[in-house]
Amino acid sequence: MKQLILFLIAGLLTVSMEATAQTEATNLLVTMKDGSVTQFDINDIDSLSFRTTEVAEAPKPGDYYYGDGTWSTALNVSKTCIGVVFYVGDVASDDAKLQTKIGPTNKGNHGLVVALRDATPTVWMAPSGNVGVSTDLNVMNGYTNTLTMRNWQASHPDTPIALLTALDEYARVNQAPATSSGWYVPSLKELSTLCSGYTTDVLTNDYNDHGITMRQQLETCLKSLGDKAAEFVSSGTARFYWSSTVLKEAYHMAVGFDKGTIRDVPSNDTNNPRSLRVVLAF
């Protein structure tokens, strides 16, 4: 029998037919890229076929994200776009509760998605109180922060967290995929990444400008969606967007989307409601 050599997936799999000198039986040898070999007796094989499986392209910042949990670089008008990818990586590395929700994220395709529109501008909460969210400015843990807010709210029904109310109003009419985290309030690290792009630099309450590289990239996508999406606020007091990270009681961290400014903002300043743009993880 003629020797059969099949190259599958750019040489990742080599299949060959050969006759052994001792028995003259013809065998099928499958040699994998790692050097392992599996042998089959040709007489036991009824048929040989190959199946092509569609593999999702890895997500990239700027990709459109859809209600079915998929994404694409070019807009797929047959699907419902609910957000735009702004970070790709191990999104649950800082957040054990997020990992419990969507599974380990150190392998495969995972990222963060920003909503297409702002939620209703709001104070963080008034009167202010210590609800127990994280004070760490350098972790992606907005999902756990939001759960902490919910737990506190459940035991303090007479002191509403206004930020949580705005989040829930948005989520009710903009459903997130069941395979995702669901919408939540981003941590300072996630929010700064959303505006300025990801950095390994240590973030501090420095009142300094960190740029708007990611915001500008995302707004290209948001503009392409017409009235289904809205750009970020970049002027007035509403240019500061809330994070779920607290500095100290009555002061929560925010990012100015005009310049990427990182600073604390009074939590209960009813004269100056700030903006909120929720995110989800997948």
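Reader: Hi! How many bridges join β9 to β10, and which way do the two strands run?
Author: Five bridges link β9 with β10, residues 251-256, and the two run antiparallel. Strands here are DSSP runs of E with at least two residues, helices are H or I runs of at least four, and both are numbered from the N terminus. Two strands pair if DSSP finds at least two bridges between them.

Reader: Is that a predicted or an experimental model, and how are residues numbered?
Author: This is a predicted model: local features need pLDDT of at least 70, side-chain atom pairs count only at pLDDT 80 or more, and totals for chains, interfaces and linings use all residues. Residues are numbered from 1 along each chain as its sequence is written, and side-chain values use heavy atoms, with hydrogens and water left out.

Reader: Thanks! Which residue stands opposite Tyr241?
Author: Val255 in β10 faces Tyr241.

Reader: And what order do the strands of that sheet have?
Author: The order is β9-β10-β11, an open sheet of three strands with antiparallel pairing. β9 (240-248) and β11 (261-266) are the edge strands, each pairing on one side only.

Reader: New topic: helix α4, mostly covered or not so much?
Author: Mostly covered: nine of the nine residues in α4 (188-196) are buried, meaning under 20% relative accessible area with a 1.4 Å probe, protein chains only. Among them are Leu188, Lys189 and Cys195.

Reader: What comes just after α4?
Author: Gly197, which takes a positive phi of about 95 degrees.

Reader: Nice. What is the mean pLDDT of the protein?
Author: The mean is 89, and 84% of the residues reach 70 or more; pLDDT is the predictor's confidence in each residue, from 0 to 100. Over residues 1-23 the pLDDT is below 50. Where pLDDT is low, the predicted coordinates should not be read in detail.

Technical notes:
Buried < 20%, exposed > 50% of the residue type's maximum accessible area, 1.4 Å probe, protein only. Contact = heavy atoms within 4.5 Å.
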